[in-house]
Amino acid sequence: MRMRAAVLEEFARPLVVQEVELADPGPGEVLVRLVACGVCHTDMYTASGVDPSGYAPTVLGHEGAGVVERCGEGVRLVGEGDHVVTLFSPQCGECVHCVSPLTNLCLAIREQQNLGYLPDGTTRLSRGGEPVRHFMGTSTFAEYTVMPEIALARIDREAPLDRACLFACGLSTGLGAAMKTAAVREGSTCVVFGAGMVGLGAVAGARLRGAERIVCVDMSGERLELARGQGATETMIGGEDAVQRILEMTDGFGADYTFEATGNVAVMRQAVEAARMGWGLCTVCGVAGRGEMLEVIPRLLITGRRVCGSSFGGLKGREDVPALVSRYLEGQIDVDPFISHRISLDEVNRGFELMEAQDGIRSVIEL
Ligand SMILES: [Zn+2]
Ligand SMILES: [Zn+2]
């Protein structure tokens with residue numbers, strides 16, 4: 001079929017919205033009609049050309065939600081008409097990681113996905129007979145996508161898809177970091193560095209876990225206001241003395257849990273140092289640039305602080321994303337304040353500009 005999609009033709013150039021070919025879903029694959037898609041930093045990072053593993057041409061986008069249009073041979077996990085959220089982090093349910101409760105990093109299709117191919121090593125996207133590669137296994141800046149069934153989370157049909165798409169990446173990453181990776185305890189003190197999509201998700205997750213104090217640190221008063229809306233009990237403007245101020249707020253000890261959601265390694269160090277002696281757990285969610293190093297004073301670890309990382313919030317997508325969407329439908333997660341702009345596919349580059357200008361949290365493309 002022919003469809004419209006935003007193609008990254010050349011790094012550091014605007015995406016080009018155009019018609020491309022999308023082949024039928026193969027065995028185990030599903031054709032999804034996309035309804036909405038968030039614009040995320042990872043899309044912009046790849047488009048900029050700074051990501052050394054990037055490639056072009058490709059159709060970007062990974063925060064998609066839509067409706068299953070057609071299933072390829074042997075598909076059993078979803079059916080026509082199902083509402084789905086796209087998963088860049090799939091869940092095959094069978095690999096050594098999927099059967100372990102200790103990680104969400106499914107191994108099934110990793111290699112081909114990273115190279116821009118579907119699991120059989122080919123693409124469904126093309127243009128004039130030339131293959132166009134997939135991005136993050138999702139390619140959701142488009143009217144349709146073909147994805148493996150293991151990379152689709154079937155959600156409640158009641159959930160509006162323009163909100164549900166946010167659960168495809170940043171929001172779930174933050175919620176999961178607090179609820180699953182750190183498994184924040186009731187009554188604890190949490191500090192969240194960064195009030196972008198991931199950080200705000202971590203604030204909401206800490207609240208849902210019953211944290212007593214949730215301190216959010218960011219450079220923008222506007223974003224800190226949003227953090228209060230998600231359950232932050234205290235906020236502060238970041239800076240070199242952030243750790244000192246957090247220690248002062250916590251009787252000199254630091255927080256039970258800290259979360260890093262900026263990707264800045266200097267802030268990561270602060271998140272480690274703001275964790276409490278004895279048991280403080282620092283969860284790193286932000287993605288640092290390739291080659292960057294995190295400095296940690298070993299004595300801080302000997303005295304009981306722990307550091308861990310969280311990819312996609314430690315969530316096993318097909319199980320955990322629908323559960324989060326249900327909590328949203330129950331009124332426990334307030335998604336609307338995250339949607340700052342609604343744009344069309346043709347305005348996708350404006351979505352990048354808004355992000356660069358730090359204007360709002362998320363632009364959602366309505367397809
Ligand atoms: Zn993302
Ligand atoms: Zn797996």
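How far apart do the C-alpha centres of domain 1 and domain 2 lie? Keeping in mind that this is a predicted model, I find that the two C-alpha centres are 29 Å apart. I noted the bounds as well: domain 1 takes in 2-168 + 334-366, while domain 2 covers 174-311. Nine residues from domain 1 and nine residues from domain 2 make up the contact. On the side of domain 1 that touches domain 2, I listed five nonpolar, two polar and two charged residues.

Next I looked up the strand pairings of β1.
Strand β1 (residues 2-8) runs antiparallel to strand β2 (residues 16-22), and six bridges join them; in this pairing Ala 5 stands opposite Gln 18. I also found β1 paired in the antiparallel sense with strand β4 (residues 58-59) over two bridges, where Val 59 is the bridge partner of Val 7.

Then I turned to the open sheet of six strands, whose order I wrote down as β13-β12-β11-β14-β15-β16, with parallel pairing. Why is one side of β13 and of β16 left without a neighbour in the sheet? β13 (234-237) and β16 (306-309) stand at the edges and have a single partner strand each, so one side of each has no neighbour there. From one strand to the next, the twist averages 15°.

How values were computed: Residues numbered from 1 in each chain as written. Chains lettered and ligands numbered in written order. Predicted model: local features only at pLDDT ≥ 70, side-chain atom pairs only at ≥ 80, totals over all residues. Domains from an automatic or database assignment. Contact = placed C-beta atoms within 7 Å. Nonpolar A, V, L, I, M, F, W, Y, C, P; charged D, E, K, R; others polar. Pairing = 2+ DSSP bridges. Helix = DSSP H or I, 4+ residues; strand = E, 2+ residues; numbered from the N terminus. Axes fitted to C-alpha atoms, helices over the stretch in contact; angles between N-to-C directions.
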